[in-house]
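The paragraphs that follow are meant to be read with the model open alongside, moving from the parts of one chain to the contact between chains and then to the other chain.

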Amino acid sequence: METINKNLSRRNFIKLSGLSGAALTLGLYMPAFGKESSTEIISEATAENLGIDLNAWISIDTSGKVTITNHRAEMGQGSFQSVPQIIAEELEVNLDQVNIIFAQGNNKKYGSQITGGSSTIRGNYQKLLKLSATAREMLIEAAAKKWNVAKSECYAENGFVIHKSSGKKLGYGDLVEDASKLQPPHDVALKDPKDYKVLRKSLPRQDTPLKTNGTAIFGLDKKLPGMLYASVERNPRFVGKVKSFDDSETKKVPGVKHVLKVTRDTFGNMFEGVAVVADNTWAAMQGRKALKVEWDDSGFEYHSTDQLYSKMKEQVKGDVISFKTKGNFNSSFAKADKKLEALYETPYESHSCMEPLNCVANVTADACEIWGPIQAPDWVQGNLAGALKLPMEKVIVNMTFLGGGFGRKAFTDYPFEAAMISKEIKAPVQVVWSREDDTTLGPFRPGMVYQCKGGLGKNGMITAFETKMAGQNMNQQNPGADRTGYNSSTTEGLLEPFFESIPHYSFGDSPLNSPIPVMWWRSVYASTNGFALESFMDEMALEAGKDPLDFRRSHLGEQRYQLLIDKLEEVSGWKKRGKNEGYGVAITECFTSIVGEVVKVSKKADGKVRIDKVWAVMDCGWYVNPDIIRGQVEGSIVMALGAATKHATHFADGKAVEKNFNTYMMPRITDIPEIEVYVMENEEKAGGVGEPGLPPFTPALTNAIFDLTGKRIRVLPFKLEEI
Amino acid sequence: MASLNLKINNKTYTVDADPKMPLLWAIRDIVGLTGTKYGCGIAQCGACTVHLEGTPVRSCSIPVSAAANKNITTIEGISPDNSHPVQQAWIQEQVPQCGYCQSGQIMAATALLKKNANPSDKDIDAAMQGHICRCGTYPRIRKAIKTASILMSQKASTK
C-alpha cells in the first residue's frame with residue numbers, strides 16, 4: 001500500500017510540476033507527525049530508504065528548472081512571490097527559473113497549512129532558507145566531485161556552479177543526478193542579510209500577469225467534466241432546522257436537476273439548508289428563488305443589534321474572566337492623581353471577499369476530491385475524512401487562487417457542504433454562494449464592547465489600567481464548549497512594553513452568548529481591541545497634558561519601539577503640523593509585527609472632515625519584499641477605513657440586515673487618502689505582514705478627528721460626513 | 001430556451017440559453033470564459049464588467065438576449081499576452097493582490113482611456129468608482145491608469 005501511494009504521489013507531483021526524469025528533490029520530513037519542531041531535511045533517496053512519501057518542497061530537474069511547492073494559500077497577500085523569493089536567494093537561482101505549484105492538503109507532510117495569523121513567512125522562512133541552502137550545497141559538492149577539486153574552491157550563482165580559479169561552470173540541470181545521490185549536509189551556513197541579492201528587493205509578483213488577462217484560476221473558475229452547479233437556501237437565523245420544503249415550482253425551472261436537504265458543519269454545529277442543483281449557476285439560483293422552505297427556529301433567541309449591545313454593555317459593568325493582571329488595579333486606580341473611564345463599541349462585520357464563497361467537490365464511492373478558494377486545505381482534509389469516513393489519503397484537497405480570504409476561507413463549512421451535495425447526487429458539483437449568502441451568513445467578526453479605566457500619576461505616567469471586554473468568544477462555539485475560560489486575545493494589539501511600564505493593570509473578558517457564528521476577520525481581535533486601547537491611550541495622553549507621541553515614548557522603553565516612534569514623527573512631520581490640521585497616531589502589535597500610523601485630517605470648504613494622508617511605519621523584522629509589504633499595508637488601511645466609516649452588519653429578528661453592496665457599503669476609489677508606507681530595517685525575527693497594518697488605522701483616524709474638532713468617537717462605524 | 005449568437009472577442013458562439021439569463025453566466029458557464037467575474041449580481045461592484053459595442057457594462061445585469069449579435073469584449077479579448085498598455089501598467093505598478101476584481105477594473109480603465117487619453121483624477125474617480133476592490137488596491141489603480149496613459153501616448157508617438 002505504502003509503495004502504491006508513494007508512486008502515485010510522485011507521479012502526481014511530476015505531472016503537476018511538469019518535471020522531466022531525474023531530479024534533485026528535497027523535502028522536509030516531520031517524523032513526529034507534522035510536528036514542525038522535529039523537521040529534518042531529506043532527499044528523495046532517503047525518503048525511499050525510510051519508506052516514506054516525500055513531500056517535495058524543492059525539485060530541480062535536468063533542464064535546471066526549479067519547482068517549488070507552496071504549502072500555503074495565495075489570497076492576495078503574496079505567498080506566491082515571497083516563498084520563491086526566499087528559495088531563490090539561498091538556492092542561487094534567478095526567479096525566472098522557478099516554477100511554483102500549490103501543495104494539496106496534508107499537514108502530516110507540510111506541517112500546518114492554515115494560511116492565517118500572517119504566518120506563512122514568519123512561521124517558515126528559516127526552514128525555507130535552510131532547505132534551499134542545503135540544495136545549493138549538494139549541487140556545489142556534486143560539481144566539486146566531478147571536477148575533482150575542493151568544494152571550497154567552488155561557488156554557486158544564477159543556477160550554475162563555478163570553479164573560482166579555472167572559471168569552469170556547470171548548470172544545475174547537469175548536476176542534479178549526482179547531487180541527488182548525496183546526503184543532505186547538516187547545518188549549512190545562511191547568508192548575511194547584507195549579501196542578499198533577491199531578498200529585500202521589490203521584485204514583481206509572478207502571479208500578476210495571470211491576474212491581468214483573466215487566466216488566474218480562482219475557485220469559482222474551476223470546471224470539471226459533467227460538473228453541476230448548486231445554490232443553497234440556508235437558514236438566515238443560522239442554527240434552525242429545515243421543517244419542510246416545497247420544490248414543486250423549483251423543479252419547473254429549466255436546467256434544475258436535484259433539490260435536496262443539506263447540512264453544513266460550522267464549528268461542530270450542523271447548520272441546515274436546501275440545495276438546488278442545476279446545469280448552470282443561474283438556473284440553480286432561479287430554482288432556489290422558487291423554493292419554499294419552512295424553518296424550525298425554536299430553542300434559541302432571535303437577536304437584534306440593540307439587544308446584543310445592551311447585553312454587552314451590561315456585562316462589562318459586572319465581573320469578567322481575568323486574563324492578565326499585575327499589582328492591584330483597584331487600589332491604585334482609587335489613589336490616582338487623575339482618573340478616566342470610557343466605553344468603546346465596534347460592530348459585527350462581514351468578510352466580503354470579492355470572490356464569494358464557493359467550492360467544487362467530487363465525491364465517489366471511495367474517494368473525495370475538492371477544489372476551491374481554501375485557506376486551510378489540511379483542515380478540510382481532516383474534516384472530510386471524518387465526515388465521509390474515508391482514509392486521509394483518499395481525501396484530496398486542491399487550493400486554487402483565492403479571491404480574498406481575510407479569515408473567512410480558513411473554515412471547513414463550505415467544502416463540507418459541497419462534499420455532502422456531491423455525495424448525495426453522485427456527481428461533481430460547484431456550490432456557488434450568492435453575494436447575499438456571503439454577506440448574511442457569517443461567520444462574522446464579532447461585535448465588541450470595551451470598558452477602559454485609567455489612572456495617571458503626577459508625572460503623567462499611567463499608574464493603573466483596566467480593560468473589560470464583552471463579545472462573543474470565537475473559541476467557544478462548538479456544542480458543549482467550555483464557556484468559563486478566559487479569552488487569551490483580550491490584549492491582542494497592545495504593545496508589549498506597556499506590560500512592563502504600567503505598574504497595575506487588569507484585563508479580562510465577559511463572553512456574550514449568541515447563536516450568531518463569528519470568526520477571524522483580518523487581524524482578528526487586534527482589529528477591534530486596537531481601536532479601544534489606542535483611543536484610550538490618546539485620551540490618557542491628553543488628560544496627562546502630554547503630546548500623544550511623547551506619551552507613548554515615555555511608556556515604551558525598548559529601543560525598537562523608540563526607533564519606530566522617531567520614524568513616525570520624522571516622516572509625518574508630526575511636530576510641524578499646520579493650522580486647521582488634525583493629527584492622530586496609533587501603534588499596535590499584531591502577529592509579532594509593530595505598526596504605527598499617523599493620520600492627517602482637515603476640513604473641506606464645506607466644513608466636512610477630509611482624510612488627507614496616512615503615514616504608516618511597519619516593523620516586521622526580517623522581511624522579503626518591500627513592495628508587497630507596502631501593498632499589504634495600503635490594503636489593510638483601506639479595509640480598516642471601510643469598517644470605521646462605511647459598513648457594519650446589523651441584526652434584526654435574528655437575521656443579518658445588510659445583504660449586498662448596496663447596503664453593506666464598501667470604500668471606493670473616491671474615499672482613499674494618500675498613503676505612504678515605510679519599512680523598518682533591523683535584525684529582529686520575521687513578523688506578519690498581511691494583517692498588522694490594519695489595527696492602528698482607525699484609532700489614528702479618530703484621534704486625528706479629536707485633534708481637529710474636539711469630538712471623540714467611541715462607537716464604530718461613524719460617518720465622516722456627519723462630523 | 002433560445003439559440004443565440006454571442007460575438008465575444010471576435011469569435012461567434014452559439015449558445016442555447018434562457019434569454020433572461022444574465023450575460024455573465026452565459027459567458028462563464030456556457031461559453032466557458034472565466035476571466036469575467038461574479039461579484040454581487042446587482043451591478044454594484046463592477047467585477048463582471050465587459051464591453052458591449054465598446055462601452056463598459058455590468059454583465060450580471062444584462063440579459064443574454066440583449067447582447068446577442070453585438071460585439072462583446074471580455075478581459076480575454078484585451079490581449080491574451082498582456083501586451084495592452086493598461087495590462088502593462090497594471091503589471092508595472094503591481095496593482096493586483098488577490099486579483100479577483102481586476103478583470104473588471106481593467107475593462108473600466110481601458111474604456112476610460114479609449115475615450116479620454118489623459119484622464120484627470122476626477123475623470124478617474126468618475127470612471128472607477130463603480131468598482132470595488134476589497135484588497136484596497138485603489139491607490140495603485142489610480143497610479144496605473146496614469147502610467148497606462150503615458151504608455152499609450154508613447155506607443156502612439158512611435159507609430
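In this predicted model, 15 residues of domain 1 of chain A are in contact with 20 residues of domain 2 of chain A. On the domain 1 side of that contact, the residues divide into 4 nonpolar, 10 polar and 1 charged.

Within chain A, a pair of helices can be followed residue by residue. Helix α14, residues 526-543 of chain A, packs with helix α18, residues 697-709 of chain A, at an angle of about 35°, and their axes are 8 Å apart. The crossing in which α14(A) passes α18(A) is right-handed. From α14(A) the contact draws on A:Gly530, A:Phe531, A:Glu534, A:Ser535 and A:Asp538, and these meet A:Thr698, A:Pro699, A:Thr702 and A:Asn703 of α18(A). Sorted by class, the residues of this contact of α14(A) with α18(A) comprise 2 nonpolar, 5 polar and 2 charged.

The next step is the contact between the chains, to which chain A contributes 48 residues and chain B contributes 49 residues. On the side of chain A that touches chain B, the elements giving two or more residues are α7 (281-289) and α17 (626-645) of chain A. Which of the elements gives the most to the side of chain A that touches chain B? The answer is α17(A), with 7 residues. Taken by class, this side of chain A has 22 nonpolar, 16 polar and 10 charged residues.

Turning to chain B itself, its secondary structure comes to 7 helices and 5 strands, and along the sequence these follow the pattern β-β-α-β-β-α-β-α-α-α-α-α. The radius of gyration of chain B is 16 Å, close to the 15 Å that the globule rule gives for 159 residues, so chain B is as compact as a globular protein of that length. Along the principal axes, the C-alpha atoms of chain B fill a box of roughly 45 × 35 × 25 Å. Of its 159 residues, 58% count as buried, and, among the contacts in chain B with a separation of 6 or more, 61% are accounted for by residues 24 or more positions apart.

Chain B also has a domain assignment, which gives domain 1 (2-77) and domain 2 (85-158), and the centres of these two domains of chain B, taken over C-alpha atoms, are 22 Å apart. Their contact takes 14 residues from domain 1 of chain B and 11 residues from domain 2 of chain B. On the side of domain 1 of chain B that touches domain 2 of chain B, the strands β3 (49-52) and β4 (55-58) of chain B each supply at least two residues, with the largest share, 3 residues, coming from β3(B). By class, that side of domain 1 of chain B has 6 nonpolar, 7 polar and 1 charged residues.

Methods: Residues numbered from 1 in each chain as written. Chains lettered and ligands numbered in written order. Predicted model: local features only at pLDDT ≥ 70, side-chain atom pairs only at ≥ 80, totals over all residues. Helix = DSSP H or I, 4+ residues; strand = E, 2+ residues; numbered from the N terminus. Rg over C-alpha atoms; globule rule 2.2 N^0.38 Å. Buried ≥ 20, exposed ≤ 12 C-beta atoms within 10 Å, placed from the backbone. Contact = placed C-beta atoms within 7 Å. Axes fitted to C-alpha atoms, helices over the stretch in contact; angles between N-to-C directions. Left-handed = near helix turned anticlockwise from the far one by under 90°. Nonpolar A, V, L, I, M, F, W, Y, C, P; charged D, E, K, R; others polar. Domains from an automatic or database assignment.
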